[in-house]
Amino acid sequence: MLWTLLLGLVAALLRTGNLAAAAQTANAIHRDPEIGLVFTSNFALYKSDGRGITYRIAVPDTAQQYTAYDAIIQMVVPNDVGWAGLSWGGSMPRSPLLVAWRGSSNNVVLSSRMASGHIQPTEYPGAHYTLFQTGTRSNATHWQFTALCRGCTAWQAPGSASARYLNRRGGNRLAMAYSPTRPASANSPSSAIAIHQVHAYWSHDFAQAANADFEAVVQRLMSS
Ligand code: HEM
Ligand SMILES: *[C@@H]1O[C@H](CO)[C@@H](O)[C@H](O)[C@H]1NC(C)=O
């Protein structure tokens, strides 16, 4: 067991060529006192010097398997990122995609997208994001946001016979994408975006991201 863990760590270090990655635990438990929820947290490198984007997810503990349930997504993004993407389906085509960037007045723009292939994704109305003021801010090095997503954990892609559901009780393969280029229409969620320079995958643990008071917290965040 320990041996497997060590091998995994060595493999990760070789892959990234960077010791900074060792400090980042996969599926770290992040208790956010400001939000009042537990998140599982994963860090995805986009530069070999150790720069990366943090992806955190919280879900309700009442969610049943094979149903649609809400999720809260929190991302921490270095200021040099043009746009940061998350694929809830773990690959680019036919998955709900979140594309996030900073608008012209330091505001966060969240764009819900889907792509039919490895082509420019278009707006996807099946998933809807509500940005919370709490847990959304920036400083000299990073920006972060916290948002509710409805429609990110279950979907039926156009032309597909069956629906996909994210596993509430274990890991889900997610994917990220990074571009250094800011979208042309800085404040428009439908802006054209440039292709990514980097993409990566990981298994995000949803079991330990379960929260008993999820709904109450959402109500509080909605009205603050
Ligand atoms: C203008 C927008 C985009 C274009 C033109 C584009 C194009 C492409 C192309 C051509 C590939 C194949 C690369 C290869 O095989 O090496 C690819 C792969 C990928 N893209 Fe995009 N992409 C765009 C936006 C996005 C966004 C917004 C996301 C996620 C939020 C994303 C996630 C991925 C991932 C994860 C892969 C790896 C292959 C896979 O898992 O499907 N892409 N993209
Ligand atoms: C800057 O903001 C990020 C995101 O909120 C945070 O993780 C980081 O600790 C902050 N840095 C400083 C120096 O406050």
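Strand 7 (residues 108–114) and strand 8 pair in the antiparallel sense over two bridges, where strands are DSSP runs of E with at least two residues, helices are runs of H or I with at least four residues, both being numbered from the N terminus, and two strands pair if DSSP finds at least two bridges between them. The structure is a predicted model, in which local features need pLDDT of at least 70 and side-chain atom pairs count only at pLDDT 80 or more, whereas totals for chains, interfaces and linings use all residues. Residues are numbered from 1 along each chain as its sequence is written, chains are lettered from A and ligands numbered from 1 in the order in which they are written, and side-chain values use heavy atoms, with hydrogens and water left out.

Within strand 8, E123 is the bridge partner of R113. An open sheet of six strands, with antiparallel pairing, has the order 8-7-6-5-13-14. Its edge strands are strand 8 (122–123) and strand 14 (198–205), each of which pairs on one side only. Strands of a sheet pair through backbone hydrogen bonds, either parallel or antiparallel.

In helix 2 (residues 214–222), the buried residues are F214, V217, V218 and L221, buried meaning under 20% relative accessible area, exposed over 50% and partly exposed in between, with a 1.4 Å probe and protein chains only. These residues lie on the same side of helix 2 because they cover an arc of only 100 degrees around the axis, the arc being that of the directions from the helix axis to the C-beta atoms. On the other side of helix 2, A216 and Q219 are exposed. The buried residues of helix 2 pack against strand 2, strand 3, strand 4, strand 9 (128–138), strand 10 and strand 15 (210–211), with contact defined as heavy atoms within 4.5 Å.

Four salt bridges are present in the structure, a salt bridge being a side-chain nitrogen of Lys or Arg within 4 Å of a carboxyl oxygen of Asp or Glu. One of them joins the side chains of D70 and R150 (2.8 Å, N to O). Because D70 lies in the loop between strand 3 and strand 4 and R150 in strand 10 (residues 142–150), this pair ties together parts that are 80 residues apart in sequence. D70 is buried, with a relative accessible area of 14%, whereas R150 is partly exposed, at 40%. Salt bridges that share partners join D49, R51 and D80 into one network.

The iron atom of ligand 1 is coordinated by M92 (SD) and H196 (NE2), at 1.9 to 2.2 Å, donors being N, O and S atoms within 2.8 Å of the metal (3.2 Å for Na, K and Ca), and sites may look incomplete because water is not among the atoms. M92 lies in the loop between strand 5 and strand 6 (97–102) and H196 in the loop between strand 13 (171–179) and strand 14, so the pair ties together parts that are 104 residues apart in sequence. M92 is partly exposed, with a relative accessible area of 22%, and H196 is partly exposed as well, at 25%.
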